[in-house]
Amino acid sequence: MILGSGITNLVTRSLLVVYGYRSYQAIETETWKDDAHWLTFWLLFSIIQFLEFFIDYFFEEFPFYNEAKLALFVYLGLMKGATVIYEAVGKRAIQMTEAQVEQLSQRKEFQDGMKTLKEQREKIVSQLQKKQ
């Protein structure tokens, strides 16, 4: 580790702020290409965040792992890598799993879990509003 996990996490979080601002700027333009890039970035970012839960367990001790993750986020956002990766493999991979994700979201257990989350959220919001 050259930078260490603390520094790479700080830089990654800082990049996310920059990417959020760039997304805002893209929304405010008249063209759609920059919108598509940032939407693609956030899609891939959410998939990576999910996969990190599993990947980190196995690879976090590898040399330069944190630096490689940071380089990936720089590539995805600043070098238009999100668009490149999505067009090369992401689109097909998502299409292949689309039916399974749809089936999962229709299952009663999933629907019940989402209902419970919504009820909990409403309860918390209500309590916060009472405190104000």
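In the largest nonpolar core, Y19, W38, F41, F45, F73, L76 and A82 are the residues, out of 13, that touch the most other members; such a core is a set of buried Ala, Val, Leu, Ile, Met, Phe, Trp, Tyr and Cys residues joined through side-chain atoms within 4.5 Å. At least two residues of this core come from each of helix 1 (4–28), helix 2 and helix 3 (65–78), and helix 2 gives the most, with five. Helices are DSSP runs of H or I, at least four residues long, numbered from the N terminus. The model is predicted, so that local features need pLDDT of at least 70 and side-chain atom pairs pLDDT 80 or more, while totals for chains, interfaces and linings use all residues. Residues are numbered from 1 along each chain as its sequence is written, and side-chain values use heavy atoms, without hydrogens and water.

Helices 2 and 3 are also linked by charge. The structure holds four salt bridges, each defined as a side-chain nitrogen of Lys or Arg within 4 Å of a carboxyl oxygen of Asp or Glu. E52 in helix 2 and K69 in helix 3 lie 17 residues apart, and their closest N and O atoms are 3.2 Å apart in a salt bridge. Both residues are buried, meaning under 20% relative accessible area, where exposed is over 50% and partly exposed lies in between (1.4 Å probe, protein chains only). D56 forms a salt bridge with K69 as well, at 3.4 Å from N to O.

A further salt bridge joins E109 and R107. E109 is exposed, at 53% relative accessible area, whereas R107 is partly exposed, at 47%.
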